[in-house]
Protein chains: 2
Amino acid sequence: MGGFFTGRTLAGIARGLRSGDESPAGLLAGALESVDPDLNAFVTLDPEGAEAAARRAGEELAAGFDRGPLHGVPVAVKDIIDVAGLPTGMGSAHFDGHVAEADALCVTMLRDAGAVIVGKTGTHEFAYGGTGDVSVNGPVRNPHDRERMPGGSSSGSGAAVAAGMVPLALGTDTGGSVRIPAAFCGIAGFKPSYGAIPAGGVFPLAVSFDHVGVLAASAADCRVAYRALTGPALTGPALTGPAEAAPAEAVPAPVDEGAPHGRVAWIEPLEIDPDVERAVRALFPDAPSERIDLPGIRAVFRAVQDAEAYDVHAERVAEAPGLFQPPTLERLERAGRTPAWRYLRALRERERYAAEVAGLLDRYDILALPTLPITAPRIGETAGPLGPHVPAVVSLTCPWNVLGLPALSVPAGTVHGLPVGAQLVTRRGAESLLFAAAERLATA
Amino acid sequence: MGGFFTGRTLAGIARGLRSGDESPAGLLAGALESVDPDLNAFVTLDPEGAEAAARRAGEELAAGFDRGPLHGVPVAVKDIIDVAGLPTGMGSAHFDGHVAEADALCVTMLRDAGAVIVGKTGTHEFAYGGTGDVSVNGPVRNPHDRERMPGGSSSGSGAAVAAGMVPLALGTDTGGSVRIPAAFCGIAGFKPSYGAIPAGGVFPLAVSFDHVGVLAASAADCRVAYRALTGPALTGPALTGPAEAAPAEAVPAPVDEGAPHGRVAWIEPLEIDPDVERAVRALFPDAPSERIDLPGIRAVFRAVQDAEAYDVHAERVAEAPGLFQPPTLERLERAGRTPAWRYLRALRERERYAAEVAGLLDRYDILALPTLPITAPRIGETAGPLGPHVPAVVSLTCPWNVLGLPALSVPAGTVHGLPVGAQLVTRRGAESLLFAAAERLATA
């Protein structure tokens, strides 16, 4: 699977660019040469635009104008995020031929940081699914095993980074859609607190839970990208609920003196392949076990996501149902029948779960659990021993969308020869704790 | 129909109490003697509790301790509002035998103002209907014509005041339930800005729209009661949306110099008995006509009320459906099928309508329109020329619940020999403008 960026770090690339050993144009050429059409990671490539951006980046660096660690770095962008002048296809026939007029805010921030946008990566149709195999563009393939799913919905971003085509990709994460492909593909995926990276210009799936996130080879690279996408720390009023946008890193992260990298609790996954659980649990041998009502939070996720997703798509379902992929249409039709009173109760239950988890996060700095309860299924398979894949793949990730908490998936070895991910969760605004904990894992 | 309080004002009663011509005990005796069981206005009378309260009020006044204009005044309370030690029946078999442990906040405020609670008045079952004829206690009768509905849901409060049993009654108003019985019964009914009278201890119908209000013979008497229920003006942060509680009278009411009682616009009622329209329009000969999408706001009302009402009653519908009156059960079952996405859209539409009406209230101080599009239907009749009564009766009142605006219904003569009401609406916090405009009408 080795692509141009396999085994490289953003820090190493940045050093190479500044020492003159590398050039933005050279990195871009390496990226474009690494694109493997068989993996189906990219749905749009923009060699002309990227070459112009790489040229400018090279000129700026040569002139001593340094935009920081992403300057001159090739980046891929999920195909539900607008990039001006390129198609935003959403993995759907509904948006065939649709070209974005303006950059999404997160893309503007990437460009301000000097990144070179290589192209758009495949997504599960409308990001409405965590398997990544349902798209008008066909399934993206997992670089570790091309017969298997990469996970979704940021499937192409996961595959592009895992195959070394780019060192960094943008994704979105409503129920796990950054962390799931990261874990299935053996890379790192990170979503910060709700609202910490602005979602303007990103096509909505479920506005209460939609997060923008990043995928890269390692947690350290996610941190570099996250800092570029959030800028200096904001200050703001006290946060009161999960629907509030959190200022990035606004809350100083308290760390227990006796545990220099943070007090860690193991959250027991209730329904999981026992081999996956053992592999991830082994990374946290000293962490006490705690329980959270993960199925209860998943039910909240389901009610709210379905209501909000149908709100987005009601006219398309009514007027052109045949343009959806059949599994997406079936999910939407069911979602449209979610009763309003269940939505109202889900919002109240969210408050209750938020208080429960806040209590846990008073006692611990980090909650650790597997990112996924299974390894990557074969393309075409819809269910396994834990039941249908669609709900199973979000079961351990969606709680942190419901609660708007920062969550990071890092590679945790392999099981059955396939990658698994360890997931770290913390308080809002305490993103730095996650990166510190991941660093400890990486050096352990 | 003359009861003890017919033709009397709260100001006159207060003077009589202070001159020694009247006593709280004498007023209470007059109230109790005026109760006409055939009208079915009261579901519970509390002569012992009321007599004790009247005695205390008399002693306080005699001792020179004056609690203000409600001191010693008999008041009736709608049967969805808790009064400690009395049944709160909700007009429903579900609450047979249920006794309130504590006073609702608005009842506490009444007692602090020295009022004497006479008893509980009949309500449409769970306040879920504006006709007032559906209740385990049987229909309340309109004092003007006992074969006709009093309107609801504060049916008993409307009938008790209209028949002179009490000079003041508490009601609740989610889609018009104070103003509708006021108009059908020929008295005044007032609901202030959303949240201005606290709703604690009131059984919910639809929490986004539930208001506590007052019914009395005239607007002037509503003003006296309102001041007693809100106390000194609060100050607070700027209001941002209709779901926010408004501090009472916090916003100084700007009045156009050229129109000393406020600039008035006539809001065209689109579906209405033309005789009712003519009668009310005649009170505002100089007001220019304006249009608001009243049916659109009613659709918002319906979606949100139904979702929130079913949320309140889901367990009762599932476990003991037979205890509901059949029309209530039928409404609830339909309400439970309101799709969540429609609720979400209704909330957004509310924002749009709020902005539209705010624009109108930049140009006018008062919006005037009929309270009801029809006169009181016969008991047992479910539809008329405008269609089913249940939606018709809220068509002109519910928009001001959706938007949380203060609204006052005042008597506007008779049509077909039955009372009609004129409705005045203004900006949040500008309640005093309504009373000034009503005074102008009363003296015109």
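1. How the two chains are related. In this predicted model, chain A can be laid on chain B with an RMSD of 0.0 Å by a turn of 179° together with a shift of 0.1 Å along the axis. That is the relation of a two-fold axis. For a reader new to the idea, two copies of a chain are related by a rotation about an axis and a shift along it. If you wish to find the axis on the model, look for Ala340(A), which of the residues of chain A comes closest to the rotation axis, its C-alpha lying at 1.8 Å.

2. Where the chains meet. The contact between the chains involves 15 residues of chain A and 15 residues of chain B. On the side of chain A that touches chain B, α9 (294–319) and α11 (340–363) of chain A each supply at least two residues, and α11(A) gives the most, with six residues.

3. The nonpolar core. Which residues have the most contacts inside the largest nonpolar core? They are Val75(A) and Val75(B), in a core that has 280 residues. Domain 1 (10–230) and domain 2 (264–443) of chain B both give residues to this core, so it lies between them. Leaving aside residues up to four places away in sequence, Val75(B) touches Leu110(B), Ala115(B), Val116(B), Ile117(B), Val118(B), Val166(B), Leu168(B), Ala169(B) and Leu170(B). As background, in soluble globular proteins nonpolar side chains tend to be buried together.

4. Helix α1 of chain A. This helix spans residues 10–19, and its buried residues are Leu10(A), Ile13(A) and Leu17(A). Seen down the axis of α1(A), these buried residues fall within an arc of 60°, so they line one face of the helix. Among the elements that cover them are α2 (24–34), α3, β4 (168–173), β6 (211–216) and α7 (219–230) of chain A. After α1(A) comes Gly20(A), whose phi is positive, near 90°.

5. Helix α8 of chain A. In α8 (residues 274–281) the buried residues include Val276(A), Val280(A) and Arg281(A), and a student may like to note that a charged residue, Arg281(A), is in this list. Seen down the axis of α8(A), the buried residues fall within an arc of 125°, so here too they line one face of the helix. What covers them includes β7 (264–267), β9 (366–370), β12 (407–415) and β13 (418–425) of chain A. The face of α8(A) turned away from the buried side carries the exposed residues Pro274(A) and Arg278(A).

6. Gly49 of chain A. Is Gly49(A) buried, exposed or partly exposed? With 17 other C-beta atoms within 10 Å, Gly49(A) is partly exposed, because a residue needs 20 or more such atoms to count as buried and 12 or fewer to count as exposed. Gly49(A) is found in helix α3 (residues 47–62) of chain A, and, not counting residues up to four places away in sequence, it touches Gly85(A) and Ile117(A). Gly49(A) and Leu86(A) are 37 residues apart along the chain, and their C-alpha atoms are separated by 9.6 Å.

7. Backbone details to check. Most residues other than glycine have a negative phi, and most peptide bonds are trans. With that in mind, look at Asn40(A), which has a positive phi near 60° although it is a residue other than glycine. Asn40(A) lies in the loop between α2 and β1 (42–45) of chain A, and with 20 C-beta neighbours inside 10 Å it counts as buried. In chain B, Asn40(B) likewise has a positive phi, of about 60°, and its place is the loop between α2 (24–34) and β1 (42–45) of that chain.

8. A cis peptide bond in each chain. The peptide bond that joins Gly152(A) and Ser153(A) is cis, with omega about 5°, and Ser153(A) lies in the loop between β3 (116–121) and α5 (155–162) of chain A. In chain B, the bond from Gly152(B) to Ser153(B) is cis as well, with omega near 5°, and Ser153(B) is placed in the loop between β3 (116–121) and α5 (155–162) of chain B.

Note on methods: Residues are numbered from 1 along each chain as its sequence is written. Chains are lettered from A and ligands numbered from 1 in the order in which they are written. This is a predicted model: local features need pLDDT of at least 70, side-chain atom pairs count only at pLDDT 80 or more; totals for chains, interfaces and linings use all residues. Two residues are in contact if their C-beta atoms, placed from the backbone, lie within 7 Å. Helices (H or I, at least four residues) and strands (E, at least two) are DSSP runs, numbered from the N terminus. The arc is that of the directions from the helix axis to the C-beta atoms. Copies are superposed by least squares on the C-alpha atoms of residues with pLDDT of at least 70 in both. A nonpolar core is a set of buried Ala, Val, Leu, Ile, Met, Phe, Trp, Tyr and Cys residues joined through C-beta atoms within 7 Å. Domain bounds come from an automatic or database domain assignment.
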